[in-house]
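Reader: I have a structure to go through before I set anything up. Can you put it on screen and take my questions as they come?

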Amino acid sequence: HSAQAAGHNRADVQAKPATPSLAARSRVGRRAVDPRARGFLAMMQGRRIVITGGGGFIGVSLAKRLADTNDVVLCDLEFTRNAYAYASLDGHPNVQRVEADILDGDALKRVCSGAAIVIHLAAVVGVQQVLMNTSRTLEVNIRGTQQVLDAIEPKDVERFVYLSTSEVYGSHAYDAVETAPTPVGPSEDP
């Protein structure tokens, strides 16, 4: 499944800091883009980017934004029953799909080889899945993250990005504002 991605010249773009408001947002395609994101996207050009959990909603959304100017490797268990199945990424010359488990360290080393940026999104998600499969959830979400970290070469990887979802808020999610500081609550919901 793995093929060496074509190289690109690195673009040296310096983005100006911006203080965006809704009125100040610009349009790229049909999507509003915060000026801070424009600078971030401009900085991420000509790279080999690996996205674990790349078949999910966030991974596919990132891949769509990054694929025109980067070589994007989407790593997931499968690509037929997730957001990738409904995305328009099939056949994109800069997108490669790799079916691999994040618990497979050897596979991850092959996937992450040569990556400049690794975006780690792979996890067991969904309240029902977490409740029904707590041991598997802990294994995938904790040991899997460690496997990804072990697979990358710190001297080669410019950036490691680890994201989570709104589910980390638990009962604190009601009226949550994305720009607010992350709430810290009790270890058990009341």
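Reader: Start with aromatics. How many aromatic pairs does the structure hold?
Author: One aromatic pair. Keep in mind that this is a predicted model.

Reader: Which rings, and what is the geometry?
Author: The rings belong to Phe-79 and Tyr-84, with centres 5.2 Å apart and planes at 70 degrees. Planes over 60 degrees apart count as edge-to-face, so that is the label for this pair.

Reader: Are those two buried or exposed?
Author: Phe-79 is buried, at 3% relative accessible area. Tyr-84 is buried too, at 5%.

Reader: Cysteines next. How many disulfides?
Author: The count is zero.

Reader: Moving on to the largest nonpolar core. Which residues touch the most other members?
Author: The core has 20 residues, and those with the most contacts to other members are Val-50, Ile-102, Leu-108, Val-111, Cys-112 and Val-118. So Cys-112, buried at 4%, turns up again here.

Reader: Which elements give two or more residues to this core?
Author: Strand β4 (71–76) and helices α3 (105–112) and α5 (134–151). Of these, α3 gives the most, with four residues.

Reader: What about nonpolar side chains on the surface, which ones form a patch?
Author: Phe-57, Ile-58 and Leu-163 form one, with about 290 Å² of accessible area together. Phe-57 is in helix α2, which covers residues 57–66. Its relative accessible area is 63%, so Phe-57 counts as exposed.

Reader: Charges now. How many salt bridges?
Author: Eight. One of them joins Arg-47 and Glu-158, at 2.9 Å from N to O.

Reader: Where do Arg-47 and Glu-158 sit in the chain?
Author: Arg-47 is in the loop between α1 (35–43) and β3 (48–52), and Glu-158 is in the loop between α5 and β7 (159–162). They are 111 residues apart, so the pair links distant parts of the chain.

Reader: How covered are they, buried or exposed?
Author: Arg-47 counts as buried at 6% relative accessibility. Glu-158 counts as partly exposed at 42%.

Reader: And Lys-155, which residues does it bridge to?
Author: Glu-153, with the closest N and O atoms 3.8 Å apart, and Asp-156, at 3.5 Å from N to O. The cut-off is 4 Å, so both pairs count.

Reader: Buried or exposed there?
Author: Lys-155 is exposed at 69%.

Reader: Last one. Which residues are linked in a network of salt bridges?
Author: Asp-101, Arg-136, Glu-139 and Arg-143.

Key:
Residues are numbered from 1 along each chain as its sequence is written. This is a predicted model: local features need pLDDT of at least 70, side-chain atom pairs count only at pLDDT 80 or more; totals for chains, interfaces and linings use all residues. Side-chain values use heavy atoms; hydrogens and water are left out. Patches are made of residues with over 30% relative accessible area and no salt bridge: like charges are joined within 9 Å, nonpolar side chains (Val, Leu, Ile, Met, Phe, Trp, Tyr) within 5 Å. Accessible areas come from the Shrake-Rupley method with a 1.4 Å probe; for residues, only the protein chains shown count as cover. Buried means under 20% relative accessible area, exposed over 50%, partly exposed in between (1.4 Å probe, protein chains only). A disulfide is a pair of cysteine sulfur atoms within 2.5 Å. Rings of Phe, Tyr and Trp (its six-membered ring) pair if their centres lie within 6.5 Å; planes under 30 degrees apart count as stacked, over 60 as edge-to-face and the rest as tilted. A nonpolar core is a set of buried Ala, Val, Leu, Ile, Met, Phe, Trp, Tyr and Cys residues joined through side-chain atoms within 4.5 Å.
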